[in-house]
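Open the model in your viewer and keep the selection tool ready. We will go stop by stop.

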Amino acid sequence: LYTCAILLPALSLNQNPISWQMVLLFFQFGMTAFINLLLFSQMERNNDLRDHQHSLVTQGGEKLSSRMIVFSFFIQVLVAIPLLLAVDFRSTEAVLLTMNLILALICIFPSVFSKNAGYRLAGDAVFLIPVVYLSIR
């Protein structure tokens, strides 16, 4: 839903046919949002269990959610390869890879990002990277 809300207005302004590269970028953006949500759920697992809140992490377990996150990052890298080969999409792909790199750092170093809910700041700030890119471009 989040991905559609962000991308549909941009898509409506596009006057060119939608290319396969654009479809892959949309997919990647959605996967980035999914990874973000899974990471947040994983970081808040104990609070959710204590408060009897349901999430994919509390229902499926931490092991399953960790596997889903790793698998999602793997898919992101696979999708990135053809986009990095397409000259017109390299800079956009670099932005998406940077976003995912920050999310991967949260995943790799959860104790660092759990202090003062730093994962929330970093995870939400990831979605400002495209704005920064567009403003300096």
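A residue counts as exposed when its relative accessible area is over 50%, as buried under 20%, and as partly exposed in between. Keep those cut-offs in mind on this tour of a predicted model.

**Stop 1: Arg50 and Asp51**

Select Arg50. Is Arg50 buried or exposed? Its relative accessible area is 55%, so Arg50 is exposed. Asp51 has 40% relative accessibility, so it is partly exposed. Show both side chains. Asp51 and Arg50 form a salt bridge, with the closest N and O atoms 3.4 Å apart. Why can such a pair form? Side chains of opposite charge can pair when their charged atoms come close. How many salt bridges does the structure hold? It holds 3.

**Stop 2: Arg45 and Glu62**

Next, select Glu62 and Arg45. Their side chains meet in a salt bridge, 3.9 Å from N to O. This pair links distant parts of the chain: Glu62 sits in helix H5 and Arg45 in helix H3, 17 residues apart. Check the accessibility of each. Glu62 has 39%, so it is partly exposed. Arg45 has 22%, so it is partly exposed too.

**Stop 3: Arg120 and Glu44**

Select Arg120 and Glu44. Here the closest N and O atoms of the salt bridge are 2.5 Å apart. This pair also links distant parts of the chain, 76 residues apart. Arg120 belongs to helix H8 (residues 118-125). Glu44 lies in the loop between H2 and helix H3 (45-50). Which side chain is buried, and which is partly exposed? Glu44 is buried, because its relative accessibility is 16%. Arg120, at 34%, is partly exposed.

**Stop 4: H2 beside H6**

Select residues 20-43 for helix H2 and residues 90-108 for helix H6. The two helices pack with their axes 11 Å apart. At what angle do they pack? The angle is about 15°. Angles under 35 degrees count as roughly parallel, and H2 and H6 are therefore roughly parallel to each other. Their crossing is left-handed.

**Stop 5: a nonpolar patch**

Select Phe71, Phe74, Val77, Leu78, Ile81 and Leu85. What do they make? These residues make a nonpolar surface patch of about 620 Å². Zoom in on Leu85. It lies in helix H5, which covers residues 62-85. Its relative accessible area is 64%, so Leu85 is exposed.

How values were computed
Residues numbered from 1 in each chain as written. Predicted model: local features only at pLDDT ≥ 70, side-chain atom pairs only at ≥ 80, totals over all residues. Heavy atoms only, no water. Patch = residues over 30% accessible without salt bridge, like charges linked within 9 Å, V, L, I, M, F, W, Y side chains within 5 Å. Areas by Shrake-Rupley, 256 points an atom, 1.4 Å probe, with all protein chains shown as cover. Salt bridge = Lys/Arg side-chain N within 4 Å of Asp/Glu carboxyl O. Helix = DSSP H or I, 4+ residues; strand = E, 2+ residues; numbered from the N terminus. Buried < 20%, exposed > 50% of the residue type's maximum accessible area, 1.4 Å probe, protein only. Axes fitted to C-alpha atoms, helices over the stretch in contact; angles between N-to-C directions. Parallel < 35°, antiparallel > 145°, perpendicular 65-115°, else oblique. Left-handed = near helix turned anticlockwise from the far one by under 90°.
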